[in-house]
Amino acid sequence: MRDGYEVASDVRDGLGEWESRHGRLRDLSPDLRDVRGRELEPLVRCVAEAREPASLFEDCLEGVQREAKGGDYYTPADIAGLLPGLMEPRPGEHVYDPVCGSGGLLLKAHEYVRAHGGQAGEPAVYGQDSNRTAVETAAINLTVHGVDGSLQGPASSLTDDRFENQTFDVIVANPPFNQAGWSQGGRGFHRGWRYGIPPEGNGNFAWAQHVVSKMAPTESGRGVLLLPTAAASTSRPAELQIRAGLVEDDVLSCVVELPAGLLPHVRNPVTLWLFTRSKRSSSGWGSADRTGQVLLIDARDTAAKVGRGRRTLPDEARNRITDTFAAWRGAPGQAAYQDVPGWCRSVATAETAAQKYDVLPSRHVGVPVAESAHADKGEQVGDLTRELYSLFEASHRLEAELHDLLRQW
């Protein structure tokens with residue numbers, strides 16, 4: 001039987017060899033000097049006996065996630081799987097995550113391409129994160145899944161873009177919400193913000209502009225990111241100006257309002273923002289010309305409970321969201337798109353501008369009161385009551401988000 005100290009030595013050698021293949025990332029290997037060999041041996045045995053190292057690593061990530069506190073969390077698998085389904089990355093394309101965390105979104109994009117005919121090494125994936133542990137975790141995660149990728153960090157993509165001269169076909173991102181001090185004392189203000197300078201106390205629209213700026217200049221350029229619900233309707237001047245610029249420049253293609261409770265340690269509902277370089281009929285977009293329109297999807301009521309205090313987005317909900325967006329684009333094999341009251345609506349830029357560029361889906365897709373003009377008074381009262389409760393719910397959500405912002409200030 002081997003001595004525990006020999007096991008520890010072999011592990012150090014193995015980690016050193018693995019680290020050498022990630023030369024751009026220094027000191028990735030954990031410090032094992034204080035770990036006694038006999039303490040390490042059970043861990044090595046556990047790993048050696050695992051049938052699937054990738055599954056074991058995912059279980060470890062989930063365990064860490066359950067113990068995480070505050071805003072530190074990895075994107076849940078159900079959300080991570082939704083983003084590539086909306087972006088539809090293709091073989092040969094380059095996929096980038098500017099706040100890659102554990103690399104989950106990059107892996108889901110890779111899985112999507114492989115499931116749709118991609119070959120080994122497709123797509124090429126790139127990631128950056130400001131947290132060293134996150135970059136290390138992403139590097140290991142890609143390795144155990146057999147995926148090669150280019151990772152950079154620790155450095156913030158907003159103030160120290162390690163892919164400064166590169167653009168990408170697909171960008172996927174789940175940035176920190178309402179990130180205060182994102183500019184690091186003004187360091188982030190040296191770049192040319194196309195739609196306006198984001199407020200230093202909130203990085204939501206810094207991330208939105210970063211995603212758009214990194215999209216390939218060709219029609220294939222597209223991106224998706226998660227933002228708090230308040231970003232879709234905030235009236236703070238700097239953020240309103242940027243949101244208006246995104247709408248008027250016609251790069252915002254879709255906003256999906258998701259249920260509350262999907263993200264660990266984030267009680268408020270969130271929104272998915274989809275961007276594209278072109279909405280014209282083309283091989284990369286679809287047969288429907290959606291120039292000057294934004295698709296709004298209200299998916300707040302699609303969550304399923306999976307345990308005490310936990311909710312998830314089931315397959316049928318994800319499929320309905322992706323199918324709706326695909327139909328709106330005129331993707332091959334999809335039925336013709338139609339607005340569905342209470343679920344989705346295609347809104348013209350002029351109407352959005354008249355509403356102060358408010359793109360919160362729940363404020364646009366409900367059944368208009370005018371539609372019940374021929375109904376009896378009882379039905380009218382019922383419609384008005386449901387609308388009032390919807391407004392109460394929106395008020396409570398905004399109040400909760402305001403409390404969160406005030407606590408950060």
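This is a predicted model: local features need pLDDT of at least 70, side-chain atom pairs count only at pLDDT 80 or more; totals for chains, interfaces and linings use all residues.

Entry on helix α5. I then checked the length of α5, which runs over residues 104-115, and found its end C-alpha atoms 16 Å apart; this agrees with expectation, because 12 residues at 1.5 Å a residue should span 16 Å. For its buried side I noted L105, L106, L107, A109, H110, Y112 and V113. Looking for what covers these buried residues, I found that the cover includes the helices α4 (77-87) and α6 (132-144) together with β1 (94-97), β2 (124-128), β3 (149-152) and β4.

Entry on aromatic pairs. I looked up the ring pairs and noted that the structure holds 11 of them. I next took F205 and W273, an edge-to-face pair with 5.9 Å between the centres and 85 degrees between the planes. This pair links distant parts of the chain, since F205 belongs to helix α7 and W273 to strand β7 (residues 270-276), 68 residues apart. F205 is counted as buried because its relative accessible area is 0%, and W273 counts as buried at 0% relative accessibility as well. I also noted a cluster in which ring pairs link Y96, Y126, F163 and F168.

Entry on charges over rings. I found the charged end of R320 over the ring of W343, at 3.8 Å from the ring centre. For R329, I noted that it lies over the face of W285, 5.9 Å from the centre of that ring.

Entry on T234. Is T234 buried or exposed? I located T234 in the loop between β5 (222-228) and α8 (237-248), and its relative accessible area of 14% is under the 20% limit, so T234 counts as buried. Its side chain makes a polar contact with the side chain of E239, at 3.1 Å. Leaving aside neighbours within four places in sequence, I listed F205, E239, L240 and R243 as the residues in contact with T234; F205 returns here from the edge-to-face pair with W273.

Key
Residues are numbered from 1 along each chain as its sequence is written. Side-chain values use heavy atoms; hydrogens and water are left out. Rings of Phe, Tyr and Trp (its six-membered ring) pair if their centres lie within 6.5 Å; planes under 30 degrees apart count as stacked, over 60 as edge-to-face and the rest as tilted. Helices (H or I, at least four residues) and strands (E, at least two) are DSSP runs, numbered from the N terminus. Buried means under 20% relative accessible area, exposed over 50%, partly exposed in between (1.4 Å probe, protein chains only). A charge sits over a ring if NZ of Lys or CZ of Arg is within 6 Å of the ring centre and within 35 degrees of the ring normal. The expected span of a helix is 1.5 Å times one less than its number of residues. Contact means heavy atoms within 4.5 Å. A polar contact is a pair of N or O atoms within 3.5 Å; within protein, one must be able to donate a hydrogen and the other to accept it, and residues adjacent in sequence count only if both atoms are side-chain atoms.
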